[in-house]
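Q: I would like to learn how to read a fold from its coordinates, going from the whole chain down to a single residue. Could we take it step by step?

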Amino acid sequence: MTDTTHAPAGSAGQPPGGRDMAGVKALVTGGTSGIGLATAMAFARRGADVAVAGRDEQRGRRAVRAIAEAGGVADFLAAELHGESSARRLAQAAVARFGRVDVLVNNAGVFPFGPTERTTEADFDAVFGLNVRAPYFLVAELAPAMARRGHGAIVNVTTAVAAYGAAGLGLYGASKAALVLLTKAWAAEYGPHGVRVNAVGPGPTRTEGTAPRGAALEQAALAGPARRPGTAEEIADAIVFLASEQSSFVHGAILPVDGGRVAV
Ligand code: NAP
């Protein structure tokens, strides 16, 4: 029998907003900065309890304080993500802290840029360790329990450059293209058990992580119809939509939030 006591968020057909995610337990990887922090803030504003994960304690404490000041409930879980053991430990820590995880956002990621011939195997392993292996084993640890409860939502953060070839972005794009396929595979695997799995594909977005790129980010954004970079909040709105009951009939979708870049 399906337990509907803790449906992921609100009810289908209800307008978004308010505290329609009250009671929802969310885990956001990379929740201490940029898109992840904006997502954690947005979940908390809608009433969810949020576990924010990252490596840096100071950033973690700052994120929790900012969420608390906005009236939300959050906790920082320190985790250096690189593969199975770190992912399973984080998932177990989130369950220990909040009792269960209803919503998982696989957001933490690295986005190196550079020529293929200068990439080392260690670079390769670091990118795939964080961008692919960690989400894979977070899902392996958390999705079965969501499926047993009959509800849950997983949102993967990919990138526009998983959809087209860009010089210097092959390794990064390939790691996120793997996550695109996993999104669809997990939708097929867990969707029939009430767990919706979707992804957002951001285009160039102003965050702490992209700040060092300076004007190059604005330049990259000119290729899309919006002709500007996005904000972390614009990406977070799409993530929260896919995690909430407002998207109750959406499974296995990759939602471009990229100013139209992959459309043209
Ligand atoms: P960001 O500001 O650099 O934040 C990255 C987050 O990930 C931080 O919370 C960081 O926390 C955490 N993190 C980094 N390495 C980690 C590791 N090894 N283990 C655990 N946590 C780690 O990044 P962002 O720009 O918001 O990007 C977030 C996601 O969006 C990434 O997956 C990225 O690929 C994707 N994306 C971004 C853009 C963009 O233009 N910004 C575009 C497309 C896709 P600590 O440093 O404390 O660990």
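Q: What radius of gyration does the protein chain have, and what would a compact globule with 264 residues have?
A: The radius of gyration is taken over C-alpha atoms, and the globule rule is 2.2 Å times the number of residues to the power 0.38. For 264 residues a compact globule would come near 18 Å, and the protein chain, at 17 Å, agrees with that. Its C-alpha atoms fill a box of roughly 55 × 40 × 40 Å along the principal axes.

Q: Before going further, what kind of model is this, and how are residues numbered?
A: This is a predicted model, in which local features need pLDDT of at least 70 and side-chain atom pairs count only at pLDDT 80 or more, while totals for chains, interfaces and linings use all residues. Residues are numbered from 1 along each chain as its sequence is written, and side-chain values use heavy atoms, with hydrogens and water left out.

Q: How many helices and strands are there in the protein chain?
A: Helices (H or I, at least four residues) and strands (E, at least two) are DSSP runs, numbered from the N terminus. The protein chain holds 7 helices and 9 strands.

Q: What is the strand order of the open sheet?
A: Two strands pair if DSSP finds at least two bridges between them. Here 7 strands form an open sheet in the order β3-β2-β1-β4-β5-β6-β9, with parallel pairing. The edges are β3 (73–78) and β9 (254–257), each of which pairs on one side only. Within the sheet, β1 (residues 25–29) and β4 (residues 103–106) run parallel and are joined by 3 bridges, with A26 opposite V103 in β4.

Q: Which strands does helix α2 lie across, and which does helix α3?
A: Axes are lines fitted to C-alpha atoms, for helices over the stretch in contact (heavy atoms within 4.5 Å), and angles run from 0 to 180 degrees between N-to-C directions. Helix α2 (residues 57–69) lies across β2 (49–54) and β3, at about 170 degrees to β3. Helix α3 (residues 84–98) lies across β1, β2 and β3, and runs at about 150 degrees to β3.

Q: Is R227 buried or exposed, and what is its phi?
A: Most residues other than glycine have a negative phi. R227, in the loop between α6 (215–221) and β8 (230–231), has a positive phi near 55 degrees. Buried means under 20% relative accessible area, exposed over 50%, and partly exposed in between (1.4 Å probe, protein chains only); R227 is exposed because its value is 53%.
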